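Dear colleague,

I am passing on to you the structure that follows, and below it I have written out what was found. Please keep it open beside this message as you read.

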Amino acid sequence: WRRYYSAKESPPKTITIEGRTYPLDSHMNTPPAILANIPRRLHLQKDHPLSITRQIIESRFPDHKRHNALFPVVSVHQNFDSLGFAPDHPGRAPSDTYYINKDTVLRTHTSAHEADTFRANESAGYLISADVYRRDAVDRSHYPVFHQMEGAQTWDRRNFSPYVSLADAIWADVEALPKHDIDVEDPNPTIHPERNPLQRAHHSPEEVEAIAAHLKRSLELVVVEIFTHAQRAAAGTDETASREPLRVRWVEAFFPFTSPSWELEVFWQGDWLEVLGCGVTKQDILIDAGVPERVGWAFGLGLERIAMLLFDIPDIRLFWSKDARFLSQFKEPDGKGEESGMMWDVKRFQSFSKYPAAPRDVAFWLPSTTSPAGGQLPATSGVPRQFHENDVMEVVREVAGSAVEDVRLVDEFVHPKTGRKSLCYRVNYRSLERTFTAEEVNALHEKLRKRLTEDLGVELR
Ligand code: FA5
Ligand code: MG
């Protein structure tokens, strides 16, 4: 991070983010360009597609308490420890997570607020919508900043008796949910002893069946609600694809903070798209939060993924556009009427013309080390690290921002004599807003090549 400041300047000892000051240390790996996204709060921006998507989903959970302005800088404890992430969990690595210092990160998911929200125990259910940050691949469905909505619902054991069991009561709540007639694939058993275990010390199988049924129906209804709006938006256009019946499926998943766990996928443009993860909340989290008698479920969904389905938005970078040709296409209903989903007048996004792509390759040797498989980064942060692909992604984003559509590894080989490894990445430059000149692209690419050598210590070929 020192390279963000000129060589003469001594590196700052603290950083202030929206009025809050944090000490810096060698763990800092968050570029200024990432921090610059914090004030945007797209999920709260009037008429923004992410805000509209959030509100449509919220309308499915009218009794859940909403938290939409939680601060994005959280402790390592909140983001990982409180949720039972193992000390060596890969999600904690600096290749995946933006650190401010050893104990402080930009939240990587809205689950960072689960423990605190359960502890406050303000209502049986809550929703948290927020910006989240991850060092990740560069392509049309991934961006280093995106938005999640977390939801949870719990039941208090003390309200039930052997006569009306907790499981019976939850089943009654399932019955009270609306029905739907979509085709849901759900081939796996709710509980699988190895792959998706029951928390035997805390829950009976009957309770977990009931919680799972309530969770799955609630989330299927979210997808139905979104799809209904998308269908209505497509009506009158000649998009036949959108009239295909909605297909959704449940797949088994793993999270350190739920068990059993699932992901929900929606068939979209010829492929299964993962839209959310969820499961039965680990009882240890509720116990640690001082509400040991509560049991229930939690989910975390990607608002961009849902908004892409809803409006047919083809590229995740568009959400960050300040271009009126994008923003003017979305409109919240005026006035504060009752929150019926029917009042949302969703229109399908009209792509403005696609500008030409300009692919450029960059090939380099990783720094040689004892291990031929990976090079070591220069020890700028004091901690030598193995080369990680996300480091390339990060440099691309710093140099070119959203001028890049995607970055793909196209070739890789190990020199038979020296054992050195060579990688070739194809960087696809394409603006969403105009045509780049060849000179502009070449200048960006030259800058990228230079920064790769400086920051990652690679040798260009
Ligand atoms: C989580 O983040 C869990 N916290 C979800 C959860 C909450 C599980 C509560 C259980 C209980 P995951 O990493 O799969 O899980 O992300 C959740 C969703 O965020 C994904 O399904 C996807 O819709 C979205 N998502 C993940 N990474 C990206 C990205 N780089 N860009 C856009 N959307 C993303
Ligand atoms: Mg996932």
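The model is a predicted one, and its chain is divided into domain 1, which covers residues 14-343, and domain 2, which covers residues 353-460. Between the C-alpha centres of domain 1 and domain 2 there is a distance of 32 Å, and where the two domains touch, 20 residues of domain 1 are in contact with 20 residues of domain 2. On the domain 1 side of this contact, eight residues are nonpolar, four are polar and eight are charged.

The next place to look is the ligand. Ligand 1 is surrounded by 24 residues, of which H109, F146, G277, G300 and G302 are the closest. At least two residues of this shell come from each of strand 8 (145-156), strand 12 (271-281), strand 13 (294-302) and helix 8 (303-311), and strand 12 gives the largest share, with six residues. Sorted by class, the shell around ligand 1 contains nine nonpolar, nine polar and six charged residues.

Finally, there is a pair of helices to consider. Helix 10 (residues 389-400) and helix 11 (residues 438-456) have axes that come within 9 Å and cross at roughly 135°, and the two helices are therefore oblique to each other. Their crossing is right-handed. On the helix 10 side the meeting residues are D391, V395, V396, V399 and A400, while on the helix 11 side they are L444, K447, L448, R451, L452, D455 and L456. This contact between helix 10 and helix 11 is made up of eight nonpolar and four charged residues, with no polar ones.

With best wishes

Key. Residues numbered from 1 in each chain as written. Chains lettered and ligands numbered in written order. Predicted model: local features only at pLDDT ≥ 70, side-chain atom pairs only at ≥ 80, totals over all residues. Axes fitted to C-alpha atoms, helices over the stretch in contact; angles between N-to-C directions. Helix = DSSP H or I, 4+ residues; strand = E, 2+ residues; numbered from the N terminus. Parallel < 35°, antiparallel > 145°, perpendicular 65-115°, else oblique. Left-handed = near helix turned anticlockwise from the far one by under 90°. Contact = placed C-beta atoms within 7 Å. Nonpolar A, V, L, I, M, F, W, Y, C, P; charged D, E, K, R; others polar. Near = placed C-beta within 6 Å. Domains from an automatic or database assignment.
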